[in-house]
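Dear colleague,

I am passing on the structure below, followed by my notes on what turned up in it. Please read the notes with the structure open beside them.

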Amino acid sequence: MESSSAEATGSGGEGSGADGAGSAGPVVGTALDAVLETAAATAAAVADAGTERTAVAVAPASLSPSRAGDFMQCPLLYRFRVIDRLPEKPSAAATKGTLVHAVLERLFDAPAAERTPPRAKSLVPGQWDRLRASRPEVVELFADDPEGVRLAGWLTEAEQLVERWFTLEDPTRLEPAERELFVEAELDSGLRLRGIIDRIDVAPTGEVRIVDYKTGKAPRPEYAEGALFQMKFYALVVWRLKNVIPRRLQLVYLGSGDVLTYDPVLADLERVERKLLALWEAIRLATETGDWRPRPTKLCGWCDHQEHCPEFGGTPPPYPLPVRAAGSGGPAQGRMAAG
């Protein structure tokens, strides 16, 4: 979330002495607080809508790394998430990732000398409370844990991930220009790209580094290309916003203790832009025709939408947008043809 010269590095690296001078892009959104509030509001709206999903459905208007990944993984999954907005159960792994991201963001509120492992770990309980308040559905994760044993273990795992980060980067030497930055750029084609960048460092010389935290393990080298797609997406947005090509893209894998880096060039960003334009054209066509095909993979076993998926004998909900037959210009009301 691209042929990679990915390498494992230690703490620091190019741009690690960034003093925060300048910014890699305008702040067009707020930090994690607003993101969590928006997520909670969206979940509430979906719950309230219930069977009235047709009334709130709108055609896709922008693309993020996550949603681009959804479509590439399975077009029908994209439809369920973006158009139907079917509810999904909270995931323990994803929620832990959100919690760890919040802790690492808030740690930089402290003076550099106080950014220590004990200080970071002490932030975990408070950030968990904030997460529960803004996204009450995450409490379901531990509904069958009245004694709090599983929750305690889960929080300990989050603390361990936070602690491992200190073996990969030195926050006392970092002054991020931006944290949890919402960015959005419109391409010449009219396609709007948007996303949230975990951290942007700007060196005194003006060089930009984009950093993304991952709570999972680093992929094998042959899969590094896919892992860098998200980072090149962000690099493209920054380039379009500021006419600056980031010097370095950095993925910090807290699950395995690895750091993968890639130094993009203009040709990389032009390639990813062409890829996104082709992807958006496929999404536009599927939106207009209502033809969203499932793409079975090993990941299907983790999908929350099996009951609606033809691959599992399910039936998608009625398609909530006007459709036209492929090759036809006339709209009609219909539903996706399974398969």
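The charged end of Lys232 is placed over the ring of Tyr262, 4.4 Å from the ring centre, where a charge sits over a ring if NZ of Lys or CZ of Arg is within 6 Å of the ring centre and within 35 degrees of the ring normal. Arg240 likewise lies over the face of Trp239, with 4.6 Å to the ring centre.

Please keep in mind that this is a predicted model, in which local features need pLDDT of at least 70 and side-chain atom pairs count only at pLDDT 80 or more, while totals for chains, interfaces and linings use all residues. Residues are numbered from 1 along each chain as its sequence is written, and side-chain values use heavy atoms, with hydrogens and water left out.

On the aromatic side, a search of the whole structure gives 11 aromatic pairs, a pair being rings of Phe, Tyr and Trp (its six-membered ring) with centres within 6.5 Å, counted as stacked if the planes are under 30 degrees apart, as edge-to-face if over 60 and as tilted for the rest. One of them joins Phe71 and Tyr78, edge-to-face at 5.7 Å centre to centre and with 90 degrees between the planes. Both Phe71 and Tyr78 are buried, a word that stands for under 20% relative accessible area, with exposed meaning over 50% and partly exposed in between (1.4 Å probe, protein chains only). The pair of Trp165 and Phe166 is edge-to-face because the ring centres are 5.2 Å apart and the planes are at 70 degrees. Trp165 counts as buried at 0% relative accessibility, and Phe166 counts as buried at 18%. Phe108, Trp165, Phe166 and Tyr213 together form one aromatic cluster.

Phe71 and Tyr78 also take part in a helix contact: Arg67, Asp70, Phe71 and Gln73 in helix 3 meet Pro75, Leu77, Tyr78, Arg81 and Val82 in helix 4, contact meaning heavy atoms within 4.5 Å. The residues of this contact divide into five nonpolar, one polar and three charged. Helix 3 (residues 65–73) and helix 4 (residues 75–83) pack at an angle of about 140 degrees, with their axes 5 Å apart, and the two are therefore oblique to each other (under 35 degrees counts as roughly parallel, over 145 as roughly antiparallel, 65 to 115 as roughly perpendicular and the rest as oblique). Helices (H or I, at least four residues) and strands (E, at least two) are DSSP runs, numbered from the N terminus.

Leu63 belongs to strand 1 (residues 62–63) and, at 0% relative accessibility, counts as buried. Leaving aside residues up to four places away in sequence, Leu63 touches several residues, among them Ala68, Leu191, Phe233, Leu276 and Trp280. Leu63 and Leu276 are 213 residues apart along the chain, and their C-alpha atoms are separated by 8.6 Å.

Two backbone values may deserve a look. Arg85 is not a glycine, yet has a positive phi of about 55 degrees; Arg85 is in the loop between helix 4 and helix 5 (92–107) and counts as partly exposed at 36% relative accessibility. Glu180, also a residue other than glycine, has a positive phi near 45 degrees, but Glu180 is in strand 2 (residues 178–186) and counts as buried at 6% relative accessibility.

Best regards

Note on methods
Axes fitted to C-alpha atoms, helices over the stretch in contact; angles between N-to-C directions. Nonpolar A, V, L, I, M, F, W, Y, C, P; charged D, E, K, R; others polar.
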